[in-house]
Amino acid sequence: QVSLVYLKLSYNHIESNELGSFERLHRLSDLHLILNNITRIERDTFRGLKRLELLDLASNRIEQVSSGAFSDTSQLKSLCLRGNRLTSFDLTCVLNGLETSLDILDLGRNHEMRSLEWTKRNAYRASVSQLRKVIVSSGEHKRFIEQSPNLEYPFISLVKDTVVLVK
């Protein structure tokens with residue numbers, strides 16, 4: 001068992017098929033994979049990372065995140081998918097298992113994002129109710145707020161093309 005806690009693999013041209021070799025890093029809490037060539041996140045990509053608290057996947061080429069991709073990361077507090085190529089994001093499927101831990105979700109600057117989706121309305125509310133900060137592209141913030149009537153985000157900030165919702 002490796003005792004590594006912080007791992008920064010940014011700017012390494014890592015591709016999707018090279019991911020998934022983290023399961024022996026049981027103590028890892030911070031993983032940075034910024035500016036690589038990742039195009040998709042599969043279900044078992046982060047298997048075994050039960051102590052992971054921060055996952056930064058910003059500025060890759062991610063087009064798809066499989067259902068349950070983060071289900072083994074039950075301690076995850078911050079998930080950054082900023083600046084990728086996501087066209088849609090199903091909150092209930094992708095965030096399954098993170099209902100009590102996730103504080104910050106960054107989906108900003110996914111310029112091709114057409115929709116934030118959810119398959120089960122109650123599960124959707126549960127999956128985002130604990131979020132303290134949500135960052136989405138400006139076109140999606142109204143839909144996010146309209147579909148989340150029980151969620152309160154008293155502070156909404158618009159910075160260029162990004163909306164930051166803060167509890």
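**Exercise 1.** Is E42 buried, partly exposed or exposed, going by its relative accessibility?

*Solution.* Keep in mind that you're working with a predicted model. Start with the cut-offs: buried means under 20% relative accessible area, and exposed means over 50%. Now look up E42, which has 36% relative accessibility. That value falls in between, so E42 counts as partly exposed. Next, check its partner: the side chains of E42 and R40 form a salt bridge, with N and O 2.8 Å apart. R40 is partly exposed too, at 34%.

**Exercise 2.** Work out which parts of the chain the salt bridge between E23 and R47 ties together.

*Solution.* First, the bridge itself: the E23 and R47 side chains meet at 2.8 Å, N to O. Then place each residue. E23 sits in the loop between β1 (6-8) and β2 (30-32), while R47 sits in the loop between β3 (40-41) and β4 (54-56), so the pair joins parts 24 residues apart in sequence. Finally, look around: D44 belongs with E23 and R47 in a network of salt bridges.

**Exercise 3.** Find the residues with the most contacts inside the largest nonpolar core, then explore the surroundings of L31.

*Solution.* Now zoom in on L31. Skip its neighbours within four places in sequence, and its contacts include L7, F22, F46 and L49.

How values were computed: Residues numbered from 1 in each chain as written. Predicted model: local features only at pLDDT ≥ 70, side-chain atom pairs only at ≥ 80, totals over all residues. Heavy atoms only, no water. Core = buried A, V, L, I, M, F, W, Y, C linked by side-chain atoms within 4.5 Å. Buried < 20%, exposed > 50% of the residue type's maximum accessible area, 1.4 Å probe, protein only. Contact = heavy atoms within 4.5 Å. Salt bridge = Lys/Arg side-chain N within 4 Å of Asp/Glu carboxyl O. Helix = DSSP H or I, 4+ residues; strand = E, 2+ residues; numbered from the N terminus.
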